[in-house]
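The following note sets out points for a colleague who is reviewing this entry. Please read each point beside the displayed coordinates.

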Amino acid sequence: MLISFSSIVFPALLAAYSGQAAYLTEFPGEVEHTFYNSIPDPLYWPTFVVAVAAAIIASQAMISGAFAIISQSLTLGCFPRVKVVRTSASFITTEKIGIAAVAVMVITTWMVSFIMLVVWRISIRWIALFSIAFSCIEAIYLSAVLYKFKEGGFLPVAFSFVLMAVMGVWHYVHKERYLFELRNKVSDDYMEDLAVNPHINRVPGIGLTYSELVQGIPPIFPYFIANVPSIHSVLVFVSIKYIPISWRSGFCFDV
């Protein structure tokens, strides 16, 4: 992926943007359709086919990226449990996602620099050179799309702040609930008394109860028994956790 981006994608983008800049220098009034107007006539239709294919791939990549981000947020306990419904159309225009796309590039550069420093332990000189070089390029892109902020570019920024607020509140509540259950676990004495309590009806079969606690019984269980005085003959408390498993030295993924 790194080789393909460095040898194919980046040079192609650089050539395309440089050609558009040269065309606008010659014809400054044709800003609205710069991309297609700057294409030579023999290459118009091949470029048109490639552009349509790229748009289709980009729309699918947006859907896959949104699904991956929500899945990881659910895994980390930073987002409410939701049902993902895939759609077949996207109504977000390029003007509205331009700022978000460049912001992703900037954040990616920061995160890669952080990984180079903490994980890869590369010399600080190379990290500084990488950060300054890419930050300068991305600053030019960011300044080029910020003028669209009032024309709809504020939408992804507003959506991101709303989602960050939801994720922050949900993560805080989720953590506080887990700590409450951890501090108020049901005692062993209660379970021993429950096993010999004649007023509790026994139902044949196996009962599965989900709990966030890896060890212990959540405090909600006594409330359940108080309202429904019956339990199954075999009661199993199930807890599902995502454990990080390292499959390669220096890299760790959640499974």
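What share of the 255 residues in the protein chain do buried residues make up? The share is 14%. The model under review is predicted, and the points below should be read accordingly.

1. Overall architecture. The protein chain contains 8 helices and 4 strands. Read from the N terminus, the order of elements is α-α-α-α-α-α-α-β-α-β-β-β.

2. Strand β1, residues 201-210, pairs with strand β2, residues 230-238, in the parallel sense, and the pairing extends over 8 bridges.

3. Packing of α7 and α8. Helix α8 also has a helical neighbour to consider. The axis of helix α7, residues 188-196, comes within 12 Å of the axis of α8, and the two cross at roughly 25°. Because this angle falls under 35 degrees, α7 is described as roughly parallel to α8. The crossing of α7 and α8 is left-handed.

4. Aromatic pairs. The structure holds 10 aromatic pairs. One of them joins W45 and F48 in an edge-to-face arrangement, with 5.5 Å from centre to centre and 80° between the planes. W45 and F48 both belong to helix α3, residues 44-75, where they stand 3 residues apart, about one turn of the helix. Is W45 buried or exposed? W45 is exposed, since its relative accessible area of 58% lies over the 50% cut-off. F48, by contrast, counts as partly exposed at 30% relative accessibility.

5. The pair between α8 and β2. The rings of F221 and F237 have centres 5.3 Å apart and planes at 75°, so this pair too is edge-to-face. F221 lies in helix α8 and F237 in strand β2, 16 residues apart, and the pair thus links distant parts of the chain. F221 counts as buried because its relative accessibility is 4%, which is under the 20% limit. F237 counts as partly exposed, at 26% relative accessibility.

6. Aromatic cluster. Which residues do ring pairs link into a cluster? They are F35, Y36, Y44, W45 and F48. The W45 and F48 pair described above, with its plane angle of 80°, falls within this group.

7. A16 is found in helix α1, residues 2-26. The C-alpha atoms of A16 and F35 are 8.2 Å apart in space, and the two residues are 19 apart in sequence. A16 is partly exposed, with a relative accessible area of 32%.

8. How far apart are S73 and M167, in sequence and in space? They are separated by 94 residues in sequence and by 7.9 Å in space, C-alpha to C-alpha. S73 is buried, because its relative accessible area of 6% is under 20%.

Terms used: Residues numbered from 1 in each chain as written. Predicted model: local features only at pLDDT ≥ 70, side-chain atom pairs only at ≥ 80, totals over all residues. Heavy atoms only, no water. Pairing = 2+ DSSP bridges. Phe/Tyr/Trp six-rings, centres within 6.5 Å; stacked < 30°, edge-to-face > 60°. Buried < 20%, exposed > 50% of the residue type's maximum accessible area, 1.4 Å probe, protein only. Axes fitted to C-alpha atoms, helices over the stretch in contact; angles between N-to-C directions. Parallel < 35°, antiparallel > 145°, perpendicular 65-115°, else oblique. Left-handed = near helix turned anticlockwise from the far one by under 90°.
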